[in-house]
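Below is a briefing on one structure, grouped by topic. Please read it alongside the sequence and the coordinates.

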Amino acid sequence: MFARGATKYFSRGFSQRRLASTKTIREALEEVVPRKQLQLKQLKTEHSQAVLGEVTVENVVGGMRGLKAMLWEASVLDPIEGIRFHGLAIPDCQKQLPAAPGGKEIIAESMFWLLLTGKVPTEAETRQLSRELAEKGDLPEYIEKLIDSLLARLPALAARIYRNVYNPGKPIPAINKDLDLVGNYVNMLGFGDNHDLTEYMRLYIAIHGDHEGGNASAHTTHLVGSTLADPFISYSAALYALAGPLHGLANQEVLRWQMNMQKEIGDEITHDKIKEFLWKTLKSGQVVPGYGHGVLRNPDPRFMALQQFCESRPQLLDDRVIQLVRKTYEVAPAVLKEHGKTKNPYPNVDATSGCVLYHYGLTQFKYYTVIFGVSRALGCLTQLVWARALGLPIERPKSLSMDAIEKLIKN
Ligand SMILES: CC(=O)SCCNC(=O)CCNC(=O)[C@H](O)C(C)(C)COP(=O)(O)OP(=O)(O)OC[C@H]1O[C@@H](n2cnc3c(N)ncnc32)[C@H](O)[C@@H]1OP(=O)(O)O
Ligand SMILES: O=C([O-])CC(=O)C(=O)O
């Protein structure tokens, strides 16, 4: 049921039959947990010695790339097709997951419901979850005071920090109990009257939510969580992994790099000038930010979904930075192929995510990875729930020295 191709399970007929369902997320989860616990028990008792692959020296010295060594329930990443959440690709989610009232994009609540339970929530269930989160969303006064005294040093409670850092002194709107999670977030950031930015953030946060288990932020949460550290500690560790330029920070780096390119090539954007800038970047020994991937071998479907968002809005297509991102995509894969190093010459999600935020006036690059961090909590915390429900053990892979590897090869 959770394997690829599960689309049938989520077919329109199925979701229509579920229209009347008004379960809470806890009730929906309670239904799934015993079945999953049984599935794990059977795997352990009936198949514990089954072989899933071999471990090569390349796996060990190459950052465990390609090694099948983690259990992760909510999503599976295919090198060619990209991410699927319980079998649903991004376009399936766009068709099936409830949006906000008056909106079209996937919202965090419906994505979280899918990630956690493996089921598409009904409209009523989604609204109920939005309300539950909004009702729990107010900060107690003592936390507000604490955060106000720590300011940007505390990597949490993202909207308040944004306002404190970039618009100090301006009052922050209270949580609106009738709005979805991201609607409230954008409102508190100070952009609540921008419907298009709100929709973009809904899509952005939904599709950055999970990318199976092996990426650096998800894996960090899982590792730290496996020591039974609490979810806040486990997820804050993940944010430090996300903050590296080869992972989440790349979304900031891309925009900085594209704007440097714009400065250098001037008003007349041509493929030749972009190529020249790409070569200059590569020859200086830097990576092209937003391109390449540890698993994907095709353009990232999340990149495509964000591009489609731009294509549906003519005012975005007129924006020079957005045009530059698009034109870079037209030439960068060929340049990277000619350069010959990266296994994947195509764009990942970070190649485009920041330019739309910039267009809508959220121009503080340093904040972009925080938004990614707000999103990635959906998948990382889902897996922590499963790790606890299934009683998964502390993670402790075996390491080998180079001498030990050589000895094993000789034997
Ligand atoms: C949400 C996300 O985290 S998506 C990823 C965001 N990160 C980026 O966009 C940064 C740019 N990209 C990269 O640095 C890489 O492609 C990564 C980190 C994403 C993946 O790294 P790997 O799995 O090691 O990629 P791969 O196996 O293709 O690397 C092989 C070689 O190609 C190089 N390479 C990979 N991507 C690029 C790139 N975009 N530009 C130039 N060279 C690259 C690697 O540095 C490596 O060079 P080396 O042999 O001299 O060490
Ligand atoms: O899958 C990865 O390694 C990196 C990535 O795209 C993500 O974490 O969203």
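Ligand 1 is surrounded by 21 residues, the closest being A250, G292, K341, T342 and K343; a residue counts as near a molecule if its C-beta atom, placed from the backbone, lies within 6 Å of it. This is a predicted model: local features need pLDDT of at least 70, side-chain atom pairs count only at pLDDT 80 or more, and totals for chains, interfaces and linings use all residues. Residues are numbered from 1 along each chain as its sequence is written, while chains are lettered from A and ligands numbered from 1 in the order in which they are written.

**Ligands**
- The shell around ligand 1 holds eight nonpolar, nine polar and four charged residues (Ala, Val, Leu, Ile, Met, Phe, Trp, Tyr, Cys and Pro are nonpolar, Asp, Glu, Lys and Arg charged, the others, Gly among them, polar).
- Around ligand 2 stand H211, N215, G294, V295 and N348.
- That shell of ligand 2 comprises one nonpolar residue, four polar ones and no charged ones.

**Contacts of L114**
- Leaving out residues up to four places away in sequence, L114 touches F85, H86, L88, L97, K119 and V120 (contact: C-beta atoms, placed from the backbone, within 7 Å).

**Strands 1 and 2**
- Strand 1 (residues 75–78) and strand 2 (residues 82–85) pair in the antiparallel sense over four bridges (strands are DSSP E runs of at least two residues, numbered from the N terminus; pairing needs at least two DSSP bridges).
- L77 has I83 of strand 2 as its bridge partner.

Notes:
Two residues are in contact if their C-beta atoms, placed from the backbone, lie within 7 Å.
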